[in-house]
Amino acid sequence: MVCETQRLILTPWRAGDEALLVDLHSTAETSQFVSTGEPWSAQYAAQRISGWLDAYEESGFGKLKLLAKDDGRFIGRAGFSWLEETSSFELGYSIRREEWGRGFATEIGKGLSQWFFERMPNEQFIAFAHVDNAASLAVLRKLGLRETDVRQHKGRPFQYFQSLSGT
């Protein structure tokens, strides 16, 4: 276990978890605001998991599997990635469609922010959400992140946010 909140556990991926990630981003609705905006294939999911695990093993930061503490059900993915293009850590999460509206994104965002600042108290991180993703924009605002600017990412417009050090 990497991070724990009241209802959630963040843990590394395991062999065979590609199916969970494909399910998470298998429809137009659940993939529209992530990566290229297209549904994920098993091969693409495996590549992403491999990269996230490599990053986690190398630096202790990565996107990990998010599970419900009470029954172990798969909730989504969350964590930090190092973005070369911005030379910063990026907070990211994605919650299964069936779990939307239950506050899991805000809960894991708060938990990961605390986890990040316990390890790197003088650092900051960024987060971003597609300009049309009202739910994610609301979560990032609830977390107290400061809106910075709108930038193109993979050819699409995203609102960027920055953490305030130690918040």
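Predicted model: local features only at pLDDT ≥ 70, side-chain atom pairs only at ≥ 80, totals over all residues.
Going along the sequence, the elements come in the order β-β-α-α-α-β-β-β-α-β-α-β-β. The radius of gyration works out at 15 Å, close to the 15 Å the globule rule gives for 167 residues, so the protein is as compact as a globular protein of that length. The C-alpha trace spans about 35 × 35 × 30 Å along its principal axes.

As for the inside of the fold, buried residues account for 49% of the 167. Among contacts between residues at least 6 apart in sequence, 58% link residues at least 24 apart.

The largest nonpolar core has 31 residues, and Leu 66, Phe 80, Tyr 93, Leu 112, Phe 125 and Leu 140 are the ones that touch the most other members. At least two residues of this core come from each of strands S2 (8–11), S3 (63–68), S4 (74–83), S5 (88–95) and S6 (125–130), and likewise from helices H4 (104–119) and H5 (134–142). Take Phe 125: setting aside neighbours within four places in sequence, its contacts include Phe 80, Phe 89, Leu 91, Phe 116, Phe 117 and Phe 161, along with Ser 113 and Gln 162. There is also a second, separate core of 11 residues, with Leu 21, Leu 24, Leu 53 and Leu 67 among them.

The protein carries 19 positive and 22 negative charges, whose mean positions sit 5 Å apart.

Technical notes: Residues numbered from 1 in each chain as written. Heavy atoms only, no water. Helix = DSSP H or I, 4+ residues; strand = E, 2+ residues; numbered from the N terminus. Rg over C-alpha atoms; globule rule 2.2 N^0.38 Å. Buried < 20%, exposed > 50% of the residue type's maximum accessible area, 1.4 Å probe, protein only. Contact = heavy atoms within 4.5 Å. Lys, Arg positive; Asp, Glu negative; His and termini not counted. Charge placed at Lys NZ, Arg CZ, Asp CG, Glu CD. Core = buried A, V, L, I, M, F, W, Y, C linked by side-chain atoms within 4.5 Å.
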